[in-house]
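Reader: I am new to this structure. Please show me how to read its features, taking them in turn.

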Amino acid sequence: MTLATMIVVGGCSVQAPAEGGASGTAPATAPPAGQEALSKFYSQKLSWEGCGPAGEAKAECAWVEVPVDYDEPDGETIKLRALKVAATGKSQGSLLVNPGGPGGSAVEYARAADLVVSPSIRRSFDVIGLDPRGVGESNPIECFGEERMDEMLSLDPTPDDQQEADKARTVAREFGQACQQKHPDLLPHLSTVEAAKDMDVMRGALGEEKLTYLGKSYGTFLGATYAELFPQRAGRLVLDGAIAPELSNDELNLGQAVGFETATRAYVQACVSEGTARWARTSTRACSRCGICSRASTRSRCR
């Protein structure tokens, strides 16, 4: 996941209105045309209950029921976890947020609403995180036990020889096999398309005619997928730190690493330059702001 700046940038999408409904769209709880069998999911009533602190506010949580397979709406279902941090002022609606990953918990992201969005957005919107299927509290995919996970995470991420490379491939293969064995029914239904469909069910259950959404990193791909699937339901979508879906995972990781390196070097250089030019007599401020010590006299003060 790319680094996310904790500010909200403006953005909106404009669609031609569909027929029906007071505002030119079908009722909020209506499923997509031709998929009336999904009505029970779109019209479900959410039961919100307190679930702990969220910064200076209190959070409420609910379960959202969705079909495992959208092609079989009368088949098995799963429940997804949602968390809401109410607007500090008069609410204008719901803002769904997703931090990306894929695999990041939207529930925990929404719990940090005071840091994720600006005060003006907090005043105007209920910030809501919906853990995608297989993530966080939404039927999490857990393939290895603690010991095997520790083994996998402790592997050298940059193998130096053939033995280390073979070990990494073996463990990755075993991890995939364990996932398939433990979650044979859910694993085939963990796509971005299905996560976007879950978001539309959530929109309907909230009674929102259009989706207002903030997505970071992979969350931008999720938001773009939603807009493609539900153009008449896409409202104001903010996609921050967009990824290129045509790139491979290796290409994405390499581009991210280059970006991190470039940004880190520029940040440190700025700290060193400012510390020399403007903080000659306030070196402790340079330490606290940059987390580095650029002068010998400063290093002793930082310790």
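**Confidence, cavities and cores**

Author: Over residues 277–289 the pLDDT stays under 50, and the model has 17 contacts beyond four places in sequence for them. Here pLDDT is the predictor's confidence in each residue, from 0 to 100, and contact means heavy atoms within 4.5 Å. Residues 292–303 also have a pLDDT below 50, with 17 contacts in the model beyond near neighbours in sequence. The protein chain averages a pLDDT of 85, and 82% of the residues score at least 70.

This is a predicted model: local features need pLDDT of at least 70, side-chain atom pairs count only at pLDDT 80 or more, and totals for chains, interfaces and linings use all residues. Residues are numbered from 1 along each chain as its sequence is written, and side-chain values use heavy atoms, leaving out hydrogens and water.

Reader: How many cavities of 30 Å³ or more does a search of the whole structure find?

Author: Rolling a probe the size of a water molecule over the atoms shows where empty space is left. A cavity is a set of points, on a 1 Å grid over the protein atoms alone, where a 1.4 Å probe fits but cannot get out; lining residues have an atom within 4 Å of a point. Grid points are joined across faces, edges and corners, and a volume is the space filled by probe spheres set on the points. The search finds three cavities of 30 Å³ or more. The largest cavity holds about 80 Å³ of space, and its lining includes L80, N98, D198 and Y213. Strand 4 (94–98) and helix 7 (192–206) are the elements that give two or more residues to this lining; helices (H or I, at least four residues) and strands (E, at least two) are DSSP runs, numbered from the N terminus.

Reader: Which residues have the most contacts inside the largest nonpolar core?

Author: In soluble globular proteins, nonpolar side chains tend to be buried together. A nonpolar core is a set of buried Ala, Val, Leu, Ile, Met, Phe, Trp, Tyr and Cys residues joined through side-chain atoms within 4.5 Å. Buried means under 20% relative accessible area, exposed over 50%, partly exposed in between (1.4 Å probe, protein chains only). V64 and M202 have the most contacts inside the largest core, which has 31 residues. Helix 7 gives the most to this core, with six residues. Beyond four places in sequence, M202 touches residues including W48, V64 and I128.

Reader: Is T29 exposed or partly exposed?

Author: T29 counts as partly exposed because its relative accessibility is 37%.

Key:
1 Å grid on protein atoms, 1.4 Å probe; cavity = no way out; pocket = protein on both sides within 12 Å on 5 of 7 lines; lining within 4 Å.
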